[in-house]
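Colleague: I would like to go through this model with you, term by term. Please tell me what each word rests on.

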Amino acid sequence: MSDHYVITIARGFGSGGKTIGINLSEELGIPCYEDQLLRMASDYSGISEHLFAQVDEKLRGSYIKKKLAGFPNINRIAQPTDKKFVSDDNLFNIQAEIIRQLANTESCIIVGKCGNLALKDYPNVVSVFVEADMDYCIKNVKERLCVDDAEAERMILKTDKYRSDYYRYYSGGKEWKDPKAYDLILNSGRIGMDKCAQVIKDFVKIKLMNN
């Protein structure tokens, strides 16, 4: 098994993917990164954390215009003197570089942020997608954010759409929920968050013992 490993968790809004990541972090004794990545990317680049938050798993401006402009170069970070230094694409690239640096140096969990894309060539990675039926997601969002059913459903649909568009853009046209993009697809509404965490733990051992 590798000296260190990374678990990436993509998740539908309300599915509990972030909670699963936090629980795994406590059980495995490794850090879980989500919003912390925005601060780390800001510290690395000197760009305001507020700008990273604006493009956190979503596209600013028109997605159609971005699509017509062609798919981004997700391997090159622009320099401070480049006019593209604070562009959406460069903010994505800086964040992806932070994720790769973490994967090279420690065991950790990455929630969201297209972590499976950033680490697609890394053998020490287990990539997971967590989803659930709408009723289950609505229940979780209502409890967490104190909204009614209609507002919870609206938030779920809106959030999942911008996450899907974001993934499609930065993957070069691939689908966010494509099973081929992940090692595991889990339905948290059917087996519960605790069992999802256990399945992921078991799969880490199975996959990485062979590397």
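Modeller: Start with pairing: two strands pair if DSSP finds at least two bridges between them. Helices (H or I, at least four residues) and strands (E, at least two) are DSSP runs, numbered from the N terminus. Two notes on the source: this is a predicted model, where local features need pLDDT of at least 70, side-chain atom pairs count only at pLDDT 80 or more, and totals for chains, interfaces and linings use all residues. Residues are numbered from 1 along each chain as its sequence is written, and side-chain values use heavy atoms, with hydrogens and water left out.

Colleague: How do you know that β1 and β3 pair?

Modeller: Four bridges join β1 to strand β3 (residues 108-111). Pairing asks for at least two bridges, so these strands pair. They run parallel.

Colleague: What makes β1 and β4 a pair?

Modeller: Strand β1 (residues 6-11) and β4 share six bridges, in the parallel sense. The rule needs at least two, so they count as paired. Val6 stands opposite Val125 in β4. Ala10 has Phe129 in β4 as its bridge partner.

Colleague: Which strand is joined to β4 by four bridges?

Modeller: That is strand β5 (residues 184-187), and the two run parallel. Val130 has its bridge partner in β5, namely Leu186.

Colleague: Why is Ser164 called buried?

Modeller: Buried means under 20% relative accessible area, exposed over 50%, and partly exposed in between (1.4 Å probe, protein chains only). Ser164 has a relative accessible area of 15%, so Ser164 is buried. Ser164 is found in helix α8 (residues 149-170). Leaving out residues up to four places away in sequence, Ser164 touches Glu175 and Trp176. Contact here means heavy atoms within 4.5 Å.

Colleague: What makes β1 and β4 mostly covered?

Modeller: The buried residues do. In β1, six of its six residues are buried. Val6, Thr8 and Ala10 point one way from β1, while Ile7, Ile9 and Arg11 point the other way. In β4 (residues 125-131), six of its seven residues are buried.

Colleague: Are Cys108 and Cys114 buried or exposed?

Modeller: Cys108 is at 0% relative accessibility, so Cys108 counts as buried. Cys114 is at 7%, so Cys114 counts as buried too.

Colleague: What makes a space a cavity rather than a pocket?

Modeller: Both are sets of points on a 1 Å grid over the protein atoms alone. In a cavity, a 1.4 Å probe fits but cannot get out. A pocket is an open set with protein on both sides within 12 Å along at least five of seven lines. Lining residues have an atom within 4 Å of a point. Grid points are joined across faces, edges and corners, and a volume is the space filled by probe spheres set on the points.

Colleague: How many cavities does this rule count?

Modeller: One cavity of 30 Å³ or more. The largest cavity holds about 90 Å³ of space. Its lining has 15 residues, with Ala10, Gly112, Cys114, Asn116 and Trp176 nearest its centre. The largest share of that lining, four residues, comes from β1.

Colleague: What is the volume of the largest pocket, and which residues lie closest to its centre?

Modeller: The largest pocket has a volume of about 380 Å³. Of its 20 lining residues, Phe13, Lys18, Glu34, Arg144 and Arg163 are the closest to its centre. Helix α1 (17-28) gives the most to this lining, with three residues.

Colleague: Which classes make up the lining of the largest pocket?

Modeller: Four residues are nonpolar, seven polar and nine charged. Ala, Val, Leu, Ile, Met, Phe, Trp, Tyr, Cys and Pro count as nonpolar, Asp, Glu, Lys and Arg as charged, and the others, Gly among them, as polar.
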